[in-house]
Amino acid sequence: MGLGGCIILIAAGAILTFATDWHMQGVNLDLVGIILMIVGLIGASTFSSIARRRRVVVPPTTPVVTEETHPHRRDGYGV
């Protein structure tokens, strides 16, 4: 589950907890919303810690350029 899925879980949980007044027999929608928000937060923190570990900064290596001097010219005059 990526970061987008975690944000969707948090948003759906917040909607169920704070923006609805539905009453279903046998299901507490406020509790379901809180559980979804907690799972979304745990997923977002796990995703960010894994992404931080995966992001390894490698210092750039500077290529060494050596110029060779040729005693002969290739234009045909040989000066």
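Which residues are exposed on the other side of H1? Ile7, Ile8, Ile15 and Phe18 are. Exposed here means over 50% relative accessible area, buried under 20%, and partly exposed in between, with a 1.4 Å probe and protein chains only.

Some ground rules. This is a predicted model: local features need pLDDT of at least 70, side-chain atom pairs count only at pLDDT 80 or more, and totals for chains, interfaces and linings use all residues. Residues are numbered from 1 along each chain as its sequence is written, and side-chain values use heavy atoms, without hydrogens and water.

The chain overall. It has two helices and zero strands. Helices (H or I, at least four residues) and strands (E, at least two) are DSSP runs, numbered from the N terminus. Of the 79 residues, 15% are buried. Take contacts, meaning heavy atoms within 4.5 Å. Among those between residues at least 6 apart in sequence, 50% join residues at least 24 apart.

Now H1. It has 16 residues and reaches 22 Å from first C-alpha to last, close to the 22 Å expected at 1.5 Å a residue. That expected span is 1.5 Å times one less than the number of residues. Its buried residues are Cys6, Leu9, Gly13, Leu16 and Thr17. Seen down the axis of H1, they fall within an arc of 95 degrees, so they line one face of the helix. The arc uses directions from the helix axis to the C-beta atoms.

Last, Phe18. It sits in H1, residues 3-18.
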